[in-house]
There are 2 protein chains.
Amino acid sequence: MSQQVVIIGGVALGPKAACRFKRLEPESNVIMLDRSPRISYGGCGIPYYVSGEVSEITGLQSTAFHMVRNPEFFRDVKDVDARNETEVTAIDRAAKTVTAKHLPTGREETIPYDKLVLAMGSRPRRLPIAGLDLPGVHTVDSLEAAESIKAAVAAGSVGSVAIIGSGFIGLEMAVAFADMWGLEVTVIELFDQILPGVTGPTLSTMARKHMEEKGVAFRLSEQVARIEGNGKVERVVTDKGVVEADMVIVSVGVVPNAELAKAAGLAVSERGGVLVNEHMRTSDPDIYAGGDCVEVKNLVTGQPMYLPLGSMANRQGRVIGDNLAGGDARFTGVVGSWCVKLFDLGVAGTGLTLAGATRAGFDAVATHITAIDRAHFYPEHGLMSLELVAERGTRRVLGLQGVSVMGDALIGKINTVAAMLPQKPTVSDISNVEVAYSPPFAAAMDILNTVGNAADNILTGQNKGISVTEFAKLWDDADSNVQVIDCRENLQGAPLEAKHPGRWHNIPQGQLRHRLQEVPKDKPVFLMCNTGARSYEALVTLTDAGFTQVVSVEGGMAAVNAAGVDV
Amino acid sequence: MSQQVVIIGGVALGPKAACRFKRLEPESNVIMLDRSPRISYGGCGIPYYVSGEVSEITGLQSTAFHMVRNPEFFRDVKDVDARNETEVTAIDRAAKTVTAKHLPTGREETIPYDKLVLAMGSRPRRLPIAGLDLPGVHTVDSLEAAESIKAAVAAGSVGSVAIIGSGFIGLEMAVAFADMWGLEVTVIELFDQILPGVTGPTLSTMARKHMEEKGVAFRLSEQVARIEGNGKVERVVTDKGVVEADMVIVSVGVVPNAELAKAAGLAVSERGGVLVNEHMRTSDPDIYAGGDCVEVKNLVTGQPMYLPLGSMANRQGRVIGDNLAGGDARFTGVVGSWCVKLFDLGVAGTGLTLAGATRAGFDAVATHITAIDRAHFYPEHGLMSLELVAERGTRRVLGLQGVSVMGDALIGKINTVAAMLPQKPTVSDISNVEVAYSPPFAAAMDILNTVGNAADNILTGQNKGISVTEFAKLWDDADSNVQVIDCRENLQGAPLEAKHPGRWHNIPQGQLRHRLQEVPKDKPVFLMCNTGARSYEALVTLTDAGFTQVVSVEGGMAAVNAAGVDV
């Protein structure tokens with residue numbers, strides 16, 4: 001059987017589906033259409049092109065062995081008829097044709113299909129404000145945009161950049177401008193934290209603090225009113241002030257390009273994503289869709305989710321390629337894994353945050369740990385902070401987020417839990433998950449097992465914890481009368497006891513059992529140590545001695561310092 | 001309820017069980033007995049102490065915040081009665097007592113228990129050869145042994161070291177001697193590969209080649225006959241020759257210390273490990289056991305397995321601590337994850353190798369890939385080689401092994417699959433596993449998904465592969481008449497076509513469709529490219545054109561070079 005497959009969209013999902021299908025059915029014909037001049041590029045690499053880490057734009061469009069993935073490449077190497085600068089303007093499902101317009105010439109063509117693949121991707125969400133079209137205002141959505149941003153920066157005409165939105169792309173661009181070009185960068189965020197939606201307040205604060213130390217400025221809880229300038233951008237005006245800037249990057253998320261599908265009568269979600277089943281098939285059995293233009297099922301909540309990521313697109317592309325060739329491949333859904341590198345810090349997560357879990361109706365709790373990420377005696381190690389979100393009662397694990405200077409190690413932990421999430425693991429499964437052990441790579445009780453144990457202690461009531469961000473609020477509130485027992489054994493650094501007489505008390509945990517009379521019984525007492533391990537043991541001792549208002553500060557001074565809490 | 005718990009053994013499992021139990025039942029009494037002078041140390045860190053990366057031996061016995069875990073520490077900080085240099089000589093299960101002998105004084109004491117924990121660990125397997133007791137012959141089983149090895153090396157009296165056994169400890173010691181001290185190191189191995197049992201021939205060859213490049217010599221398939229020397233060790237004599245050496249390390253595995261348990265009438269396996277159920281309880285309901293002295297269930301084969309690792313001991317220790325306090329914690333078994341750092345190379349695995357799977361009765365196949373471990377355009381990346389072992393028919397994944405200079409990234413992939421193995425995943429589950437994606441950390445089609453896809457192609461017959469080690473055997477055999485089609489597009493490096501006229505043919509894959517007449521139809525043809533991706537596409541093209549004797553070389557020239565295959 002030979003068939004003609006038409007694919008609308010030539011980036012990520014389109015090429016993957018095309019090539020997989022052609023390998024399974026070499027005798028069939030594949031036509032891949034894209035309205036852009038360039039196809040099959042790694043759009044996620046744009047920040048690294050802007051920074052200069054990728055020197056040539058063709059680096060984002062090349063194979064690992066330096067072949068540019070242009071239409072000639074697809075013809076010669078893949079036997080795929082790829083046509084750039086060709087926009088599909090309509091789908092006729094009854095006739096099984098698409099209308100394609102060659103943009104340079106305006107010539108229109110009707111192309112028949114046996115099977116159609118929708119890989120139209122997404123476009124930047126457009127804010128309802130004035131000034132978006134001023135020269136110097138950019139979105140990060142194409143190689144052409146990337147080239148114009150980098151050209152302006154390289155020409156030396158940009159001293160300051162304002163970035164609207166602190167999602168992945170906004171922050172990656174902030175790093176690119178500040179780290180490699182030394183520009184003055186200000187990130188403006190509507191929410192009261194960066195990476196909203198994917199991190200909780202403590203990890204988010206740690207990531208922000210790291211970026212601030214590298215010179216990036218943040219303005220949180222600020223709403224952009226308009227962008228102003230005389231002939232070119234000069235400033236961003238918010239509800240709270242003004243950010244002067246020679247360049248503005250607007251990165252406030254993307255929306256699916258599903259208009260063509262909707263116009264053709266295909267089922268589209270309320271949010272605008274094309275609806276597909278596990279085979280990545282739309283409501284029309286001859287039409288598949290995937291990548292940034294579809295919604296997928298969140299396997300943790302069971303609800304639809306929009307997760308526009310190049311990795312999803314690639315995996316879905318292979319599923320579609322299989323099914324075009326008569327296969328039975330399935331894409332059952334996602335748990336929502338992500339990662340981002342912010343200067344030296346890896347930040348990553350999977351599943352739900354505490355806020356996300358609460359919003360989805362779970363009675364959830366988050367447990368935070370900060371600890372050394374491998375055998376502490378091995379010289380090359382780093383701190384890692386992890387937050388495990390679990391449901392009370394069922395003990396079901398709902399998500400894990402983390403930050404660490406050991407980025408690869410962090411992503412490994414996240415991926416491990418992501419692989420378990422579809423099976424609805426409990427915190428005991430995290431306590432017992434079999435992490436490969438050797439001192440250069442892990443601790444004997446790996447930090448992943450440890451966060452499982454910590455969550456177990458919280459869920460059983462064996463430990464009572466508070467995050468450093470919650471602790472900071474109470475500490476800063478003079479009325480709260482917060483007392484701290486510092487249980488560190490080998491105290492180093494600033495003498496906090498002297499700095500805060502009557503509020504901060506040093507009692508090493510090894511002496512606590514014999515100094516119980518020094519612990520206030522009638523006030524809330526917060527137990528502090530290096531990372532939260534010793535303070536948990538102190539809590540056990542005090543609880544056993546009848547103290548009821550004791551709480552352990554999760555992550556201890558390591559977390560206090562990483563989050564920049566002022567004590 | 002207050003009870004008395006006696007723990008025999010003060011390293012890893014013993015302290016973990018003791019401390020966990022004490023946190024759950026602070027009012028109960030715990031006595032932990034160990035015959036060694038020092039307790040609660042990280043024995044896995046000994047190679048890093050010998051190398052000098054850990055400067056003081058107390059570094060292996062300290063907490064992350066520099067407290068030495070000696071009996072005083074256990075008393076003050078943990079409220080545990082830890083007694084070193086105290087050997088248990090008998091268990092009286094009827095009376096519920098142990099007989100403990102204080103070694104310095106010879107004083108004996110009978111200690112009653114409500115619950116007993118066996119944490120006796122393991123000891124080095126002793127080879128049945130002469131010369132083991134010569135000065136300069138060491139095993140790596142205690143801090144005292146570590147100190148005497150390091151003292152001899154630091155004194156400058158050691159120029160050459162022979163290491164018997166190429167398991168984890170033998171190789172880690174080889175690295176310590178060669179890398180940090182510049183000694184002449186020869187590893188002698190009975191099997192025809194290093195890391196026997198845990199790696200297949202290709203990955204093992206890659207690891208060995210890396211170590212050879214760093215100066216370590218290997219003698220494979222050699223049986224040690226005896227160790228010789230006049231008053232001190234001078235040489236190792238094997239069935240094939242002699243290795244002169246000033247020091248000999250014997251590291252040929254460990255055996256469980258289960259004699260005490262056996263003498264007390266507890267169930268012990270044929271191999272000698274104490275038998276326990278999921279609660280880590282022995283055949284006596286008041287006696288628990290864990291760590292290096294027990295056998296556990298392999299969750300892939302369903303059979304008992306001996307896996308003496310400090311990480312297992314720690315996880316099992318927590319389970320025992322919970323159950324001592326009346327809990328219902330379970331340790332259901334292991335999948336057999338491990339990792340080791342050999343100079344710059346991480347080597348790791350989980351589950352079964354191809355040979356192990358075959359031995360366990362599976363009709364299995366291994367698929368090898370070698371590729372860049374993340375977005376190839378991101379400047380910091382490295383090669384990773386992965387081997388996925390799967391069962392034909394069921395497509396069940398049985399194991400994954402790998403090597404990479406990006407060690408943390410490799411261990412992350414291994415842990416991800418390890419977390420899935422108990423659920424009996426198929427190769428499709430590996431193709432679809434949700435790896436967090438961002439160019440600094442992963443490829444859009446992550447290498448883990450790729451090895452799943454590659455295995456899928458092999459299992460469906462869509463691709464036919466051969467490992468580079470199998471290819472090397474055929475290539476070296478003049479009678480095999482091996483023909484190579486080199487499908488690389490941008491050929492760089494040595495002109496292999498000119499070096500091997502009539503055997504090596506350059507046909508870039510993009511031209512192959514039009515140069516079919518150059519491909520021999522009557523002989524086996526091996527397709528070679530950079531990493532195995534292009535050669536797979538060439539195989540599809542040739543198969544479609546009616547060629548039947550074509551095979552793709554898995555991992556391509558990247559694997560050829562990493563394994564040191566001479567072409």
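Reader: Which residue stands opposite Asp486(B) in β28(B)?

Author: A general idea comes before the case. Strands of a sheet pair through backbone hydrogen bonds, either parallel or antiparallel. In this predicted model, Asp486(B) stands opposite Asn506(B) in β28(B). Strand β27 (residues 483-486) of chain B and β28(B) pair in the parallel sense. Three bridges join β27(B) and β28(B).

Reader: In what order do the strands of that open sheet in chain B run, β26 to β28?

Author: Five strands form it, in the order β26-β30-β29-β27-β28 of chain B. The pairing is parallel. β26 (465-466) and β28 (504-506) of chain B are the edge strands, and each pairs on one side only.

Reader: Which strands does α16(B) touch when it packs on this sheet?

Author: α16(B) touches β27, β29 (525-528) and β30 (550-553) of chain B. Its direction makes about 170° with that of β30(B).

Reader: Now the sheet with β3 and β18 of chain B. What is its strand order?

Author: Read it as β3-β2-β1-β7-β18 of chain B. This is an open sheet of five strands, with parallel pairing. Its edge strands are β3 (81-83) and β18 (287-289) of chain B, each pairing on one side only. On average, neighbouring strands of this sheet are turned by 15° against each other, direction ignored.

Reader: How many bridges pair β1 with β7 in chain B?

Author: Four bridges pair strand β1 (residues 4-8) of chain B with strand β7 (residues 115-118) of chain B, in the parallel sense. Ile7(B) stands opposite Val117(B) in β7(B).

Reader: Where does helix α1 of chain B pack on this sheet, and where does α8(B)?

Author: Helix α1 (residues 13-24) of chain B touches β1, β2 (29-33) and β7 of chain B. Its direction makes about 170° with that of β2(B). α8(B) touches β1, β7 and β18 of chain B. The direction of α8(B) makes about 165° with that of β18(B).

Reader: Let us turn to chain A. Are the residues on the two faces of strand β7 of chain A buried or exposed?

Author: The general idea is this. In a regular strand the side chains alternate between the two faces of the sheet. Now the case. Strand β7 (residues 115-118) of chain A has Lys115(A) and Val117(A) on one side, and Leu116(A) and Leu118(A) on the other. All of these are buried, and both faces are covered.

Reader: Which residue of β7(A) is the bridge partner of Val5(A)?

Author: The partner is Lys115(A). Strand β1 (residues 4-8) of chain A and β7(A) pair in the parallel sense over four bridges. β7(A) also pairs with strand β18 (residues 287-289) of chain A, in the parallel sense over three bridges. There, Leu116(A) stands opposite Ile287(A) in β18(A).

Reader: At what angle do the axes of helix α1 and helix α8 of chain A cross?

Author: Roughly 35°. The axes of helix α1 (residues 13-24) of chain A and helix α8 (residues 310-324) of chain A come within 7 Å. The crossing of α1(A) past α8(A) is right-handed. In α1(A), the contact includes Leu13(A), Ala17(A) and Phe21(A). In α8(A), it includes Ala313(A), Gly317(A) and Ile320(A). The residues of this contact divide into seven nonpolar, four polar and four charged.

Reader: How far apart do the C-alpha centres of domain 1 and domain 2 of chain A lie?

Author: They lie 31 Å apart. The domain assignment gives domain 1 of chain A as 4-41 + 53-123 + 255-324, and domain 2 as 137-252. Six residues of domain 1 of chain A are in contact with five residues of domain 2 of chain A. On the domain 1 side, the residues divide into three nonpolar, one polar and two charged.

Reader: One last residue. Why does Arg396(A) count as partly exposed?

Author: Because Arg396(A) has 19 C-beta neighbours inside 10 Å. A residue is buried at 20 or more and exposed at 12 or fewer. Arg396(A) lies in the loop between β24 (383-391) and β25 (397-404) of chain A. Not counting residues up to four places away in sequence, Arg396(A) touches Ala390(A), Glu391(A), Lys424(A) and Thr426(A).

Conventions:
Residues numbered from 1 in each chain as written. Chains lettered and ligands numbered in written order. Predicted model: local features only at pLDDT ≥ 70, side-chain atom pairs only at ≥ 80, totals over all residues. Domains from an automatic or database assignment. Contact = placed C-beta atoms within 7 Å. Nonpolar A, V, L, I, M, F, W, Y, C, P; charged D, E, K, R; others polar. Axes fitted to C-alpha atoms, helices over the stretch in contact; angles between N-to-C directions. Left-handed = near helix turned anticlockwise from the far one by under 90°. Pairing = 2+ DSSP bridges.
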